[in-house]
4 protein chains.
Amino acid sequence: MHRDRFYTLAASCPDRTGIIARVTGFFAEHQGWILESSFHSDEGNGDIPARYFMRLEIKADSLPFMLAELRERFEPIADELRMDWKITDSAVKKRVVVLVSKQEHCLYDLLARWQARELDIEIPCVISNHDTFKGFVEWHGIPFHHVPVTAENKPKAHAEMQRLIDETRVDTVVLARYMQILPPVLCAAYPGRILNIHHSFLPSFVGAKPYHQAWQRGVKLIGATCHYVTEELDQGPIVEQDVIRIDHSDSPDDMIRYGKDIEKTVLARGLRYHLEDRVLVHGNKTVVFR
Amino acid sequence: MHRDRFYTLAASCPDRTGIIARVTGFFAEHQGWILESSFHSDEGNGDIPARYFMRLEIKADSLPFMLAELRERFEPIADELRMDWKITDSAVKKRVVVLVSKQEHCLYDLLARWQARELDIEIPCVISNHDTFKGFVEWHGIPFHHVPVTAENKPKAHAEMQRLIDETRVDTVVLARYMQILPPVLCAAYPGRILNIHHSFLPSFVGAKPYHQAWQRGVKLIGATCHYVTEELDQGPIVEQDVIRIDHSDSPDDMIRYGKDIEKTVLARGLRYHLEDRVLVHGNKTVVFR
Amino acid sequence: MHRDRFYTLAASCPDRTGIIARVTGFFAEHQGWILESSFHSDEGNGDIPARYFMRLEIKADSLPFMLAELRERFEPIADELRMDWKITDSAVKKRVVVLVSKQEHCLYDLLARWQARELDIEIPCVISNHDTFKGFVEWHGIPFHHVPVTAENKPKAHAEMQRLIDETRVDTVVLARYMQILPPVLCAAYPGRILNIHHSFLPSFVGAKPYHQAWQRGVKLIGATCHYVTEELDQGPIVEQDVIRIDHSDSPDDMIRYGKDIEKTVLARGLRYHLEDRVLVHGNKTVVFR
Amino acid sequence: MHRDRFYTLAASCPDRTGIIARVTGFFAEHQGWILESSFHSDEGNGDIPARYFMRLEIKADSLPFMLAELRERFEPIADELRMDWKITDSAVKKRVVVLVSKQEHCLYDLLARWQARELDIEIPCVISNHDTFKGFVEWHGIPFHHVPVTAENKPKAHAEMQRLIDETRVDTVVLARYMQILPPVLCAAYPGRILNIHHSFLPSFVGAKPYHQAWQRGVKLIGATCHYVTEELDQGPIVEQDVIRIDHSDSPDDMIRYGKDIEKTVLARGLRYHLEDRVLVHGNKTVVFR
């Protein structure tokens, strides 16, 4: 946890020798103070080629230039290394839209963290297919949009949601137990920027009623998975997971109750990693520099 | 999790043969349907004598009489076995007063559970030495009392708190990261009914700034402890504990942030066990029938 | 953990009122001292009817008769309640045959526990399709049988294994990372008595190379499952499971290494529960009275 | 896990800008392929000054020179940065002496890992104050020295132990539940090279019978701690810790049994980190680059 303003470079490129030296040499040359640095070489897998991943935090005021110039000066190095890269600024708050339905646990948890500035973000609005949390959200000074989704109005509702999301220029959309499937067009519009919390330890128990599936199978642990949303239901890259122990005396209702505690914790952790640019997607997997 | 109304018998008595038979025989005689039952024989320890502990849930409408008559009929058995005992009714909501200071995580967590009726209690009021959460609490329709505590006004403030607690006829007082030490008279007035969450894995790091103590010692896990408040600071019977992994890169501030997730979960679990009469105190230890 | 000799009753029967009273009343009548008792009412699920489960430990010398008479006297009660039941004697060591291949971790772990009498069993023999551990096993004074299994000799090898198992009159067969599929006839001959350790968190990653499957999917936790062997591969009732955290830097080989620690621990726990008659099978699920 | 030979640089130095660039620049200049790299900036604490820590794995055959020349060429950089540093070679097996008493779990666990070459070390000998495991150790082809320690012979026994350790030119001494306190002279002779496993979650329950202490206090989790041995009992830098859940039904004997599983796992993890040069000591704390 750094109090001072810093820039975060998150990047990946084809693997070769000298990558760290090239990148850190650039910062050293300008007296850039590296607060935190992580590197990972992924050997690839079948169709997915080997690739190098990195994340650096550089103290902003250690550099003799501002962010725009930093990006400009770094670009030739990034080009030389054929990087996918971005540099973000800790002083610019990320903008996160939250989608909820009728379950409160993830919403309360996220707003508590936002309230305490532990999650130092802007929430331009909350969107829900129910109006359950309208008062609660508005009490926090956050706009609330009720967009009911029915079998009949789906295209219109989805268009309205996309309009709301687009116009708030969000960085990230969080499905905080939003119980509707997003349309492919929306998934495609925000690749690697929509986070969902699924209430099972994926890949077990894909789809509906995972706790009932878990109960039927008699497993001894249940879990939750935070993943990026892709067009294939519950198949996107996994960001974070955790489990909790249950036993024979627990009914599906008990599991639902226990599961909430895992769901909100896993979502909060996954969201934090994502917002701090600690998650780099590689094919259908993630590198998470915790 | 039982949907139907039930009675809970929580009891302890000196150990001997035939206790289970005597107690369950009574219920069987009246066609009482036992939903859940737990038994434990504690061998004692030095000054603490051996003792038998039990907890039963009996379906209310399986019995041919009401709660008052149940208690009356059970009393001779309890006397014969020299029991400490109580029978509670799932239809009567427990009354819980919450004390907070300026940290939000436990309060948000408890109110989310209360809101969802996962924690099916009445909260007659929230008391705080700060007015930070006045609006938030009142939005939920719960009275909020601001009782500032300073070096000068302590006796008066404590008297006011005790008056508020007494007049709400509470079953339980929860210190949800309330950062003031309760006076001995208040501790003594509610023995085994005041739950605190301490932000360390007791008995390590008693007292102030436990995360800083943990950081100094270089431990690899940090924890939280839910315990009953007694007159000795952080020495009361432990109800529930848990830990989370940290490493060398985590500062005390990081630990404080991680710790919040453990604190709220451990407090919620401990409170649930307590409210469901799953916790029986034995000397300075607890039997917890999870 | 009880030092004195005790009998263990493990039983299940159709649910009704008065079961506990009937059973514990019998023991109370004879001054039987109940050391430990567990009860569970299972509400059933589709084709699986509701059922009541119990496990009691009774101090042997508190009863005025021996085991044979205990069984004889208990039989009418069991019949009346339409019980599946058994009573075992802590003084009679269980007989366990261990099957291994070339991985050492579970075998070393089991023999360390056996050596320390933490696992207080007899091991009439170890059977393996390789001779890797012949010297190690024999050093412990345990007979070792090398039964190679090839595409050609399968029926003969399986017959030899069954002969060895049958003639040692074992209670339980443990597949301690035995890398061959048992023939249906052998599975059927020892229902609920063959324990396997599968190196994934079932039902994820059934079949071969589960760690490679886990790596492909990019999960953040890997696990192991101890289950009873049935004719359907990796589908039997689950006894115990656990998981361990991994991250992007872990290769399948790293996972295999981490996984060993989970596998041996989960197998040892599952085996202990089984040997102490703590596991009661109900359809494809288990009740585990830990 | 790398199959190819590699060198490991583990180093620390006063913090300043340009450290990573200086070090990785050196390797890049010679086409050194960095397999793994970790960096950490420690802000210090009171008397302990801020310091920079790093660990790099470099593929041996990517460099145009051998280890001796690597060390020679790196030295000026290390001097310039005022480093404490070492470079080790994955092809040179570490030499580890194991000390045991009468408990088998850590010894079996370590030898299983050694047998499987998961722990790719040489064990020049096992030393014990009992002869319990003489046959077992010797069966593995490892010399076993029985050095009884009594109130009378302590100085002589300790001298004999030190002689055995010295003459085997070991890198590391592991106390695998060795139940004697090492003399200060021996602790001082191998600073940061003697690893102990203590059977509690330090700093709770220092000294003798920690499980009995834990039982007296009624904690809900018990643990184990792997730490470097210093002259102050149970006060050395902590390398690794873990815990396991217990409840009211567990006696001290049960805790001892559960604890063994944690002890051996924590010791094996701590030892692995140490042998792979992942642990850097800083005052009374450790940086562990897992």
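Colleague: How many residues of chain C are in contact with chain D?

Modeller: Please bear in mind that this is a predicted model. Contact here rests on C-beta atoms that lie within 7 Å. On that basis, 15 residues of chain C meet 15 residues of chain D.

Colleague: Which helix of chain C gives the most to the side that touches chain D?

Modeller: Helix 8 of chain C does, with five residues. Helix 3 (105-115) and helix 8 (252-275) of chain C each supply at least two residues of that side. Sorted by class, the side of chain C that touches chain D holds five nonpolar, four polar and six charged residues.

Colleague: How many residues do chain A and chain C bring to their contact?

Modeller: Chain A brings 24 residues and chain C brings 24 residues. On the side of chain A, at least two residues come from each of helix 7 (210-217), strand 11 (238-245) and strand 13 (285-288). That side of chain A comprises nine nonpolar, 10 polar and five charged residues.

Colleague: How are two packed helices described?

Modeller: One gives the angle between their axes and the distance between the axes. In this model, helix 1 (residues 19-29) of chain A packs with helix 1 (residues 19-29) of chain D at an angle of about 145°, their axes being 8 Å apart. The crossing of these two helices is left-handed.

Colleague: Which residues in helix 1 of chain A meet helix 1 of chain D?

Modeller: They are Ile20(A), Ala21(A), Thr24(A), Gly25(A) and Ala28(A), which meet Ile20(D), Ala21(D), Thr24(D), Gly25(D) and Ala28(D).

Colleague: Which residues have the most contacts inside the largest nonpolar core?

Modeller: The largest nonpolar core has 330 residues, and those with the most contacts inside it are Ala176(A), Ala176(B), Ala176(C) and Ala176(D). Leaving aside residues up to four places away in sequence, Ala176(D) touches several residues, including Val98(D), Cys106(D), Ile197(D) and Leu267(D).

Definitions and conventions:
Residues are numbered from 1 along each chain as its sequence is written. Chains are lettered from A and ligands numbered from 1 in the order in which they are written. This is a predicted model: local features need pLDDT of at least 70, side-chain atom pairs count only at pLDDT 80 or more; totals for chains, interfaces and linings use all residues. A nonpolar core is a set of buried Ala, Val, Leu, Ile, Met, Phe, Trp, Tyr and Cys residues joined through C-beta atoms within 7 Å. A residue is buried if 20 or more other C-beta atoms lie within 10 Å of its own, exposed if 12 or fewer, and partly exposed in between; C-beta atoms are placed from the backbone. Two residues are in contact if their C-beta atoms, placed from the backbone, lie within 7 Å. Helices (H or I, at least four residues) and strands (E, at least two) are DSSP runs, numbered from the N terminus. Ala, Val, Leu, Ile, Met, Phe, Trp, Tyr, Cys and Pro count as nonpolar, Asp, Glu, Lys and Arg as charged, and the others, Gly among them, as polar. Axes are lines fitted to C-alpha atoms, for helices over the stretch in contact, and angles run from 0 to 180 degrees between N-to-C directions. A crossing is left-handed if the near helix is turned anticlockwise from the far one by less than a right angle, and right-handed if clockwise.
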